[in-house]
Amino acid sequence: MQFRESQAIYLQIADYVCEKILLKEWKVEERIPSVRELAVQLEVNPNTVMRTYDFLQQQEIIHNQRGIGYFVSQAAIKNAQTYRKNDFVEKDLPQVFRTMFLLGMEPDELKPRFEKFKKQHFA
Amino acid sequence: MIQIQNLHFGYRKKKIFTGLSLQLEAGHIYGLLGKNGTGKSTLLKNMAGLLFPKQGTVNVLGFTPGKRQPAFLQDIFMVPEEFHLPDVPIEYLVKYHAPFYPKFNEDQFNRYITEFDIPRSTTLQKMSYGQKKKVLISFGLACNTSVLLMDEPTNGLDIMSKSQFRKVIAGGLDENKCIVISTHQVKDLESLIDRVTIIDEGRILFDQTVDNITRRLSFHISFDSDEIKQALYREPSLRGSAVITRNTQGDESKMDLELLYKAIVLNGNAIQSVFNA
């Protein structure tokens, strides 16, 4: 994983975990990689992954079963969407709006493109 | 785990440390940074009992390193920047050196050797510098000592090996271990260390956890000329300026270790004031 973005690494790892859950690669009530496994895979300090997991527990996206590991929570999809949506609306969308404004584009133009994109990638 | 108080040290007339104090705890990976000749290696050697303080005390795991007691030596390992390995096959290294380290794990060692892609058929002297270094890193990690000191471990490692190095270190840390890595290769270790310690002019110039750094400071690209002017540190980049400012928004950005290092060396007081407040 490349950490190019400006966000703190523990938050980038939170996005990575949310994406796995939203894409249903990691399913509800399934065990997810341990702190150490994810740290090795992503080549980061285990304390950083620990911080990510603490954060995602607060958001009720994952939970810890003592002695067994971390699991995807029942309401993970809904909670991950809420968390990511806030982030997207506050941080990414203004950038998109700014570029649209500079290029003289209106939201109507996006709709057919968005439909096509969904068909191409997630159909 | 490691307490250094008022350390004075020098070589002949050259003073290196003039009252250096530092505390290191278990469960962390420390990044030790500093200009050439500031004494990073000298500090590691004082911790390992390879050099003796002129004044002040060094305490590692409850021992005075300079006394070189066996109980101390079996629980600390140092990977120096320059080293000599005997001209023997890898198995001999394990056979004759591993018994000094009670927590040595041979399976673990073999796994690292495989991960680092080191040929088992050649003797150590016939290996390249990078390969020898990887053998020593693998051996050091497999010793499972409470303290692991590494001096410029990524020097001489190829691109794949640097990535492997981060993986084995990430997997090697646990709450009972303290890993100290001195380096100039800040990009190699940026995501691996959780505490930044900078030495300058014989003392500790800066010592903070990465969490604390990203809570207090914001690293970003700015286009706002007022913000750039007021930044704690600024540097022109292709688009806008790379700046370090106080973190007032509460959002945490990714620490740019190279930028932070330059900022502390060139404008240390401004950065320090953020942490002292």
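Trainee: What makes the numbering and the cut-offs here?

Mentor: Residues count from 1 along each chain as its sequence is written, while chains are lettered from A and ligands numbered from 1 in the order in which they are written. The model is predicted, so local features need pLDDT of at least 70 and side-chain atom pairs count only at pLDDT 80 or more, but totals for chains, interfaces and linings use all residues.

Trainee: Which residues of β7(B) cover each face?

Mentor: C178(B), V180(B) and S182(B) lie on one side, I179(B) and I181(B) on the other, all buried. In a regular strand the side chains alternate between the two faces of the sheet.

Trainee: How do you know which strands pair with β7(B)?

Mentor: Pairing needs at least two DSSP bridges between the strands. Strand β3(B) (residues 28-33) has 5 bridges to β7(B), in the parallel sense. Strand β6(B) (residues 147-151) also runs parallel to β7(B), with 5 bridges. For L148(B), the bridge partner in β7(B) is I179(B).

Trainee: What else is I179(B) in contact with, and what makes a contact?

Mentor: Two residues are in contact if their C-beta atoms, placed from the backbone, lie within 7 Å. Beyond four places in sequence, the contacts of I179(B) include I29(B), Y30(B) and L173(B).

Trainee: Why is the largest set called a nonpolar core?

Mentor: Such a core joins buried Ala, Val, Leu, Ile, Met, Phe, Trp, Tyr and Cys residues through C-beta atoms within 7 Å. The largest one has 91 residues, and I179(B), V180(B) and I181(B) are among those with the most contacts inside it. Helix α1 of chain A (residues 9-22) gives the most, 7 residues.

Trainee: How many residues make the contact between the chains?

Mentor: Chain B gives 16 residues and chain A gives 16. On the chain B side, helix α6(B) (residues 159-172) gives the most, with 5.

Note on methods:
Buried ≥ 20, exposed ≤ 12 C-beta atoms within 10 Å, placed from the backbone. Helix = DSSP H or I, 4+ residues; strand = E, 2+ residues; numbered from the N terminus.
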